[in-house]
Amino acid sequence: MHSTLSFSRATTVPTTNYAFHSQSPINLRFCGLRREAFGISILTRSSSGRVRLSTRGRSKRISASTGNNGTPPKSFDYDLIIIGAGVGGHGAALHAVEKGLKTAIIEGDVVGGTCVNRGCVPSKALLAVSGRMRELQSEHHMKALGLQVSAAGYDRQGVAGHANNIASKIRSNLTNSMKALGVDILTGFGTIVGPQKVKYGKVGFTDNVVTAKDIIIATGSVPFVPKGIEVDGKTVITSDHALKLEFVPDWIAIVGSGYIGLEFSDVYTALGSEVTFIEALDQLMPGFDPEISKLAQRVLINPRKIDYHTGVFATKITPARDGKPVIIELTDAKTKEHKDTLEVDAALIATGRAPFTNGLGLENINVVTQRGFVPVDERMRVIDANGNLVPHLYCIGDANGKMMLAHAASAQGISVVEQVTGRDHVLNHLSVPAACFTHPEISMVGLTEPQAREKAVKEGFEISVAKTSFKANTKALAENEGEGLAKLIYRPDNGEILGVHIFGLHAADLIHEASNAIALGTRIQDIKFAVHAHPTLSEVLDELFKSAKVKAPASTSSPISEPVAA
Amino acid sequence: MANVLQTSFLPSTSSLRRRSISGSKGKSQSLQVKAKIREIFMPALSSTMTEGKIVSWMKSEGDKLSKGESVVVVESDKADMDVESFHEGFLAAIMVEEGGVAPVGSAIALLAETEDEIAEAKAKSQSSSNSTPQVVEEKPKQIEEAAPDVPAAAAAPSVPVAKAVTLGSAVHPASEGGKRIVASPYAKKLAKELKVDLGTVVGSGPLGRIVAKDVEAAAVAVPVAASPAKPDPVASGIELGTVVPFTTMQGAVSRNMVESLSVPTFRVGYTITTNALDALYKKIKSKGVTMTALLAKATALALVQHPVVNSCCRDGNSFTYNSSINIAVAVAIDGGLITPVLQDADKVDIYTLSRKWKELVDKARAKQLQPHEYNTGTFTLSNLGMFGVDRFDAILPPGTGAIMAVGASQPSVVASMDGRIGMKNQMQVNVTADHRVIYGADLAAFLQTLAKIVEDPKDLTF
């Protein structure tokens, strides 16, 4: 009965995303590229497999309860069970309650997941500190503003405390918000034992089995550590350890120059460390629009106490011990020959993140992961080993690897809830913005210029690029932060926004005008009539839209000219 | 606003074109007589650009170019820009390959008017690139004046590098018996900036790693390390039995010293107790205050009360009473001496003064001082105290009234008026002055005031 329902849904034409069909091939490729930004090692060393997952003790006593797996139960304990209470699971749970579903969330660790406890949230606390330190240390900047500050200093313990406090505060906010709405929080590791059936429990306790009409896997990811690298948590660390800021080394090597590595380089250099980047690709900051990464390199790397090795793998990293420093063996990415040896005080492994899907019991429902990722279709429905959809099972967030961002997970979760409550929905990943919180920030949405050009050639349309500078923005100049660029890639024939990339002050906050326009299908010829307060940084995007040359005329009934509440 | 944008990202080609034409004029005229081979120059894409990197050549050797066609993409300190050809012709020879760096105004390629001249242009480019094998070091030949200051050719540095590795083996425990040089990222950057050969630097960081301050020390103290330009890298930096002409700066020092002989100078010395000053220095050192700034400040405050000591004699007939007190401080830099000036040292607070001083020293080392930053001094300080020198006298720089030589502050046994004996830190200062305007009594009174300020330095921090 249920499966019939779900199949009929599958044939429904998506109503919310008119552009999806034409974009689907690009969408897939785009996700692949995005993953690159988080660490190319996932792609290049897929054979090495996962390293750290076995450290988390999961109950493996699955076989005992597989006897009655074949048939789904007749009535369910819950409408929806979400395995994993990270940002993705939380977003899904909240939306599910809003839609009237009886919802439970299973968490084996702490509520909030990576983002809140070991990712976005504490790192923003550190970056807030680094931004201020950077400003105070910039004599030139201070002088230009007419300010005088005697030597700026910091207390490591205090900084680390700030990061920790904010994490626990957000964690309790998340927990409370779910409790207040009546989401059951079940503690333990969740394992799928059969269709619509999950067991959970702590190690050493008896497992509880619960049933649900629909199940969402939202187990997230863990830092990916390539083989040959020995993480000791003190001198060779991952972002998990770095966020605790237990020490500030004089010299730290950062393996991987994606957004995690970049953000940490911002933090460490502001706190007085010197940084060496190790990047396997030939260029720093792969995954960003090339023009943006070039500019970012001029601002974020070259003038700072940072050097780098590109086109090399860190094939062996030994933690500091017996009076010896951290030793890093560099191997040429192409010739595979030993290239150099580095001796540093610490090494941060920022080669990306690996999905955390071991022990989920996927074998019970004939699902085989791909390099650890749970295969899903564009509606986040899990695909089994034979290429068929598994009914009532969805996977969102880092675990499916479509777009490894906290807010993407949440958006996917909301999309799934929409589907299970009767409204077909496909998330347009091209409308999901991404941001890197360096000083200044980098943000992006949609395609990069090379991706857009490739698509344009394939599909036979023209593209144009418009750019504006922060140097021309009054507010940016008042802040004495004129360094920056906003770039728009669009179709001149119909005014469709293909991608927007911003590097500059508060870029992460500025991107949403563009991402919302993409999500809502707003065209440039219409959005250019929207009014921005003066003087604000948002005028950077205003200028950007206005400088685009679109042949199509503005819509006759522009939503902007018809206020709803007048 | 749109115009501003255009200039920062898409420079109007007309301005580029104009600039490069004027830059090439002198050269191309003489060339045109022999053959129609023109040079394509590294353009100045922004006011602050001194060198540019070739991102990519859009044409290859032998390609035909029409006027206004893009030839090369150049990366400046701000952005990447296409550079267009200003003439029609054939791209005969590329002199700076992709990835290479060339100073603004130097030739990066040759343009032949006809196909027949391509071979000739190629030969020409080879002969010129042979003389200067490293693009990075290549300087425009027109700028002859700069020659003494600029590393002449790239051939020389290869010798010290080879030497450095063997030298390094003894001093870098971190470098696997000298096979590698271990230097922190910032140390490497600084070394490049200050032209210090890392192989000659002894590391003081963890496990003998070279850190930034080692490079800074090497840039100031060890002339060998700082001057790969010297023709022969013998350990002392001097080849015995040779005559080495003055650099521009050394020539200027020489002229000034001879000129000083026409001024009737005399000297007055004084011993000042520095215990209080030392204590103050210890207290505010962490805020970035330097002893040099403290001394400059004390001197400036004393000069406020004795304007005659801040005066000078320009024409032999009159006093010139200077309106501001600008303390010049002598600094030894690679291959010479310069006197950065702390302007209005009496009015500026000690913290600002210290920052200013640091800035000036950095600029002096980078040879970026502007004329007003080194030739507007009204009173000069020369301090050799840090080297343990206890007393010396200085030559009066022309155009000023007085210079004070400061010796080291040392613990001394001192008999006091009441018949007791005690230990005090004392330093000797010795003022050289122009007796046409400053007399013995003036200096004596000035020194007494200075001693009072130093011995009770509360006024230095306001």
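**View 1. Ser515(A) sits in helix H16 (residues 512-520) of chain A.** Helices (H or I, at least four residues) and strands (E, at least two) are DSSP runs, numbered from the N terminus. The model is predicted: local features need pLDDT of at least 70, side-chain atom pairs count only at pLDDT 80 or more, and totals for chains, interfaces and linings use all residues. Residues are numbered from 1 along each chain as its sequence is written, chains are lettered from A and ligands numbered from 1 in the order in which they are written, and side-chain values use heavy atoms, with hydrogens and water left out. Ser515(A) is buried, at a relative accessible area of 3%. Buried means under 20% relative accessible area, exposed over 50%, partly exposed in between (1.4 Å probe, protein chains only). Neighbours within four places in sequence aside, Ser515(A) is in contact (heavy atoms within 4.5 Å) with Ser431(A), Pro433(A) and Val445(A).

**View 2. Strand S18 (residues 389-395) of chain A is largely enclosed by the rest of the structure, because 5 of its 7 residues are buried.** Strands pair if DSSP finds at least two bridges between them. Strand S6 (residues 208-217) of chain A pairs with S18(A) in the parallel sense, over 3 bridges. Strand S17 (residues 381-383) of chain A pairs with S18(A) in the antiparallel sense, over 2 bridges. Tyr394(A) in S18(A) is the bridge partner of Ile216(A). Tyr394(A) is also the bridge partner of Arg381(A). S17(A) and S18(A) form a hairpin with 5 residues between them. In the turn, Gly387(A) has a positive phi of about 85°.

**View 3. Helices H6 (residues 120-137) and H8 (residues 156-181) of chain A pack at an angle of about 145°.** Their axes lie 8 Å apart. Axes are lines fitted to C-alpha atoms, for helices over the stretch in contact, and angles run from 0 to 180 degrees between N-to-C directions. H6(A) passes H8(A) in a right-handed crossing. A crossing is right-handed if the near helix is turned clockwise from the far one by less than a right angle, and left-handed if anticlockwise. From H6(A), Val121(A), Pro122(A), Ala125(A), Leu126(A) and Val129(A) take part in the contact. They meet Val159(A), His162(A), Ala163(A), Ile166(A), Ala167(A) and Ile170(A) in H8(A). These residues divide into 10 nonpolar, 1 polar and no charged. Ala, Val, Leu, Ile, Met, Phe, Trp, Tyr, Cys and Pro count as nonpolar, Asp, Glu, Lys and Arg as charged, and the others, Gly among them, as polar.
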